[in-house]
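Trainee: I'm new to this one and would like to take a close look at one part before I try the rest. Could you start from a single side chain and lead me outward?

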Amino acid sequence: MTGDGPPSSRPLRPPVRREPLLHVSGRGRTMVLTFDDGPDPRYTPTILKTLRKYDVRAMFFVCGGMADANKDLLAEMADDGHIVGNHTWTHPLLTQLRRPQIRSEIERTCDVIEDAYGERPLWFRAPYGAWNRATFQIGADLGMEPVAWTVDSRDWTTPGTGAIVHRVEHGAAPGVIVLSHDAGGDRSQSVRALRDYLPQLLDSGYHLTVPRRRYV
Ligand SMILES: [Zn+2]
């Protein structure tokens, strides 16, 4: 020991970011698929089945309330090697809440993820992409990195399966993070679109992966 490093007893925490992660670095044509607001037993199982069929890992930014009601789906995500991130308990606009409320929204969700998924989350995404200083600080204090997206499939507007497929394929590029939803409304278009664009992305040479902390 030279004595110039941090004390070994100090917990390792990511630095407080002022901007969320937008791109993932990696070799080649790497992209990340993310699914928000779930899990929903009507749609998430089919999405998991499609990902399993193509041996692809994705990120699921779950809401604590949904996770608490569907713990079996978080266990399934863990079994399949997917990454579960924190998307708050009730999906509020965090910028309108006070710090104790923000912390409660996020921390309770960390707890239910740990219980159902087996690990505390390393990643956090603010509902509506609405970040502020308190949100970044509290997320970092709870051991998470903020993650945004670069391609919004806009599936939440239910524009039709073809429109979702087009947006994902048109937006495809190395390092892209795709936003989709597996809950929060009728997501049958999102489910069908994945079955269409996923094999096409793979055929185009894209590697669908999930970020680890060391890739940031
Ligand atoms: Zn959301």
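What is the relative accessible area of Asp141, and is this residue buried, exposed or partly exposed?

Mentor: Good place to start! Asp141 has a relative accessible area of 32% and counts as partly exposed (buried is under 20%, exposed is over 50%, and partly exposed is in between, with a 1.4 Å probe and protein chains only). Please keep in mind that this is a predicted model, where local features need pLDDT of at least 70, side-chain atom pairs count only at pLDDT 80 or more, and totals for chains, interfaces and linings use all residues. Residues are numbered from 1 along each chain as its sequence is written, and side-chain values use heavy atoms, with hydrogens and water left out.

Now look at the partner of Asp141. Its side chain meets that of Arg103 in a salt bridge, 2.4 Å from N to O (a side-chain nitrogen of Lys or Arg within 4 Å of a carboxyl oxygen of Asp or Glu). Because Arg103 sits in helix 4 and Asp141 in helix 5 (residues 133-141), this pair ties together parts that are 38 residues apart in sequence. Helices here are DSSP runs of H or I with at least four residues, strands are runs of E with at least two, and both are numbered from the N terminus. Arg103 is partly exposed as well, at 28% relative accessibility.

Eleven salt bridges turn up in a search of the whole structure.

Lys71 forms a salt bridge with Asp115, and their closest N and O atoms are 2.7 Å apart. Asp115 lies in helix 4 and Lys71 in helix 3, so parts that are 44 residues apart in sequence are tied together. Asp115 is exposed, with a relative accessible area of 54%, whereas Lys71, at 32%, counts as partly exposed.

Helix 1 brings us to a group of charges. Lys49, Lys53, Arg192 and Arg195 gather in a patch of positive charge on the surface. Helix 1 (44-53) and helix 7 (188-203) are the elements that give two or more residues to this patch. A patch of like charges takes residues with over 30% relative accessible area and no salt bridge, joined within 9 Å. Lys49 itself lies in helix 1 and counts as exposed because its relative accessibility is 58%.

A cis peptide bond, with omega about 0°, joins Gly38 and Pro39. Pro39 has its place in the loop between strand 1 (30-36) and helix 1.

Next, turn to the metal. The zinc ion has Asp37 (OD), His87 (NE2) and His91 (NE2) as its protein donors, lying 2.0 to 2.1 Å from it. Donors are N, O and S atoms within 2.8 Å of the metal (3.2 Å for Na, K and Ca), and sites may look incomplete because water is not among the atoms. Along the sequence, the donor residues are spaced D-x49-H-x3-H. Both histidines are buried: His87 has a relative accessible area of 2%, and His91 has 19%.

Two backbone details are left to visit. Tyr128 has phi near 65°, a positive value in a residue other than glycine. Tyr128 is in the loop between strand 4 (123-124) and helix 5, and at 56% relative accessibility it counts as exposed. Arg154, also not a glycine, has a positive phi of about 50°. Arg154 belongs to the loop between strand 6 (151-152) and helix 6, and this residue is partly exposed, with a relative accessible area of 35%.

Finish inside helix 6 (residues 161-171), where you will find Val168. Val168 counts as buried because its relative accessibility is 0%. From Val168 to Ser180 is 9.5 Å in space, C-alpha to C-alpha, and twelve residues in sequence.

How values were computed:
Patches are made of residues with over 30% relative accessible area and no salt bridge: like charges are joined within 9 Å, nonpolar side chains (Val, Leu, Ile, Met, Phe, Trp, Tyr) within 5 Å. Accessible areas come from the Shrake-Rupley method with a 1.4 Å probe; for residues, only the protein chains shown count as cover. Lys and Arg count as positive and Asp and Glu as negative; His and the chain ends are not counted. The place of a charge is taken as NZ of Lys, CZ of Arg, CG of Asp or CD of Glu.
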